Structure formats: C-alpha cells, structure tokens
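Biologist: Could you walk me through this model before I use it for anything? I'd like to start with the overall layout.

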Amino acid sequence: EICACLVGSEMCIETVTALDENGNEIKCEALFTFFLEETGKNYIVYTDDSVDENGHTRVFASTYDPDIDSQKLIPITSDREWEIIGRILNELQAGS
C-alpha cells in the first residue's frame, strides 16, 4: 500500500506499507520513484531504515501502477530489472 499526496500536479509518495518475510506489515519511507521505458513499468525504491551486517541501510524496490486507486506493491521478478535498479542505486550513491 502506498501513501501519497499531491504536490502541484505531481504525485508525491511518502510512505509504503510492505510485508516482511513473515507477512507482517512494515511502514517504510519512499526514497524515489521512476518509470523505466524499457519495461513500461513504474518503480518505487524504499527503506525500512534497517541495516545489514555491513552497516548499510537496506533498500527495497517494487513496481506499482500509479493509475490504480488502491496501489499495491508488485514484486520484481526479472533479473534484468534488478540489474537496472542496482545500476541506478550505484549511480545515485556515487553522486552523493
């Protein structure tokens, strides 16, 4: 589930409710969204602010349909999509 607001004519996604591996709901902070022309899908990247064993903040990604009122997160199943998302995250991290 995605909690969004409108800023001007743009949708601003603030929080995401995701499910953990046990099916528990977790409130997450939306980091950014993007549309990938190659797949024709909208993506959202978000975090629950947890850290991994190396001290890095865990980041997750899903697809979503912005045209549906009750927006649900859709799992990414393609290795190609994960490759592209990884590249985008690396570019953003290198630029910060």
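Modeller: The protein has one helix and five strands, where helices (H or I, at least four residues) and strands (E, at least two) are DSSP runs numbered from the N terminus. Along the sequence the pattern reads β-β-β-β-β-α. This is a predicted model, in which local features need pLDDT of at least 70 and side-chain atom pairs count only at pLDDT 80 or more, while totals for chains, interfaces and linings use all residues. Residues are numbered from 1 along each chain as its sequence is written, and side-chain values use heavy atoms, with hydrogens and water left out.

Biologist: What is the mean pLDDT of the protein?

Modeller: The mean is 82, and 83% of the residues reach 70 or more; pLDDT is the predictor's confidence in each residue, from 0 to 100.

Biologist: Are Phe-34 and Tyr-43 buried or exposed?

Modeller: Both Phe-34 and Tyr-43 are buried, where buried means under 20% relative accessible area, exposed over 50%, and partly exposed in between (1.4 Å probe, protein chains only). Of the 96 residues of the protein, 26% count as buried.

Biologist: What about Thr-17, and why does it count as buried?

Modeller: Thr-17 sits in strand E2, residues 10-19, and counts as buried because its relative accessibility is 12%. Its side chain makes a polar contact of 3.1 Å with the side chain of Lys-27; such a contact is a pair of N or O atoms within 3.5 Å, and within protein one must be able to donate a hydrogen and the other to accept it, while residues adjacent in sequence count only if both atoms are side-chain atoms.

Biologist: Which residue has a positive phi although it is not a glycine?

Modeller: That is Asp-49, with a phi of about 65°, in the loop between strand E4 (41-47) and strand E5 (60-64). Asp-49 is exposed, at a relative accessible area of 53%.
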